[in-house]
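I began with the charged pairs and then turned to the helix.

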Amino acid sequence: MSESTGASYAAAGVDIEAGDRAVELMKEWVKKASRPEVVGGLGGFAGLFDASALARYRRPLLASATDGVGTKVDIARRMGVYDTVGHDLVGMVVDDLVVCGAEPLFMTDYICVGKVHPERVAALVKGIAEGCALAGCALVGGETAEHPGLLGADDFDVAGAGTGVVEADAVLGADRIRTGDAVIAMASSGLHSNGYSLVRHVLFDRAGWALDREVPELGRTLGEELLEPTRIYSLDCLALTRTTEVHAFSHITGGGLASNLARVIPEGSRAVVDRSTWTPGPIFDLVGRLGSVERPELEKTLNMGVGMMAVVPGESVDVALATLEDRGVHAWVSGEITDRTAGDTEAVTLTGDYAS
């Protein structure tokens, strides 16, 4: 470019026309992730949600959560598969909301790319919209930002924020938990969206495995396993609150089972969880074995096969397990709530060995 030629946004690397094309491609998917309370359509400066729908609540509390999917986006980029991480994003957000008993109402997303490839952006939004439909919430808007010079042409990241509502006297949490309560574990679909920095380091840097490698113990390629979408539990958890008494939920994400469950255990109590009640999927053993990762490190990084936990009274166990089974969620009693003695320093104790 000569000095006499004027600078332009396009010359700087931002393609407005490609962005407009991406919006057109994603509109059909956003329409499928709606609720009756949504006002207007895609394209405004803000998403509108009719708050008069909350009038049926005696004292509605709004719950808010935001998250991303971490370095799992690197797997999606390398695989050229862009819709599954949308499910992951929704799961990370709405399942944080439902922990307090809140019904997810709507989400917004933020997609940052090095270069807008309209079809890729639309695929990302498609996955987010499908995830919202699975969660029962609406996708009311979002933002796609092009950052040339900061990100490579194929690089991207996603984040999202969600809002839910819960009746004030129905908020779940530590203050409801009692000694003798049962801890119910709900199976994860795999790694979900946490620990991928460790997983990538072990499988790629140390083991030198390729994404297209067929792995017999996984029954598919490594890439397919690593892109398995996060299970979305929000409607399953809400179903539990309608069918039986629930005292608390814990979303098992970064930090692993013990540290996340500890967040809902009251002072003076502890949760004793028995590892022998389940067998983690083969991907967890694979990461541990190939990376010589000690069990404590695995357990504080990965979900080890449990994506959500519920704390319920003993008399609620049968109904809770039946409800989850009817909804296709594999669940089991994994432990109980006990009194914490003077020598107990941890809110959660893991005992036994995983079933083989």
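Which side chain meets that of Glu228 in a salt bridge? I found that Arg220 does, at 2.9 Å, N to O; a salt bridge here is a side-chain nitrogen of Lys or Arg within 4 Å of a carboxyl oxygen of Asp or Glu. Buried means under 20% relative accessible area, exposed over 50%, and partly exposed in between (1.4 Å probe, protein chains only).

I noted that this is a predicted model, in which local features need pLDDT of at least 70 and side-chain atom pairs count only at pLDDT 80 or more, while totals for chains, interfaces and linings use all residues. Residues are numbered from 1 along each chain as its sequence is written, and side-chain values use heavy atoms, with hydrogens and water left out.

Lys72 and Asp88 form one of them, at 3.0 Å, N to O. Lys72 lies in helix H2 (residues 72–79) and Asp88 in helix H3 (residues 84–97), so the pair ties together parts 16 residues apart in sequence. Lys72 is buried, with a relative accessible area of 0%, and Asp88 is buried, also with 0%. I also recorded a network of salt bridges that links Asp74, Arg77, Arg78, Asp155 and Arg200.

Finally, I examined H4. Helices (H or I, at least four residues) are DSSP runs, numbered from the N terminus. Of the 18 residues in H4, 13 are buried. Just after H4, I noted that Gly136 takes a positive phi of about 80 degrees.

Methods
Helices (H or I, at least four residues) and strands (E, at least two) are DSSP runs, numbered from the N terminus.
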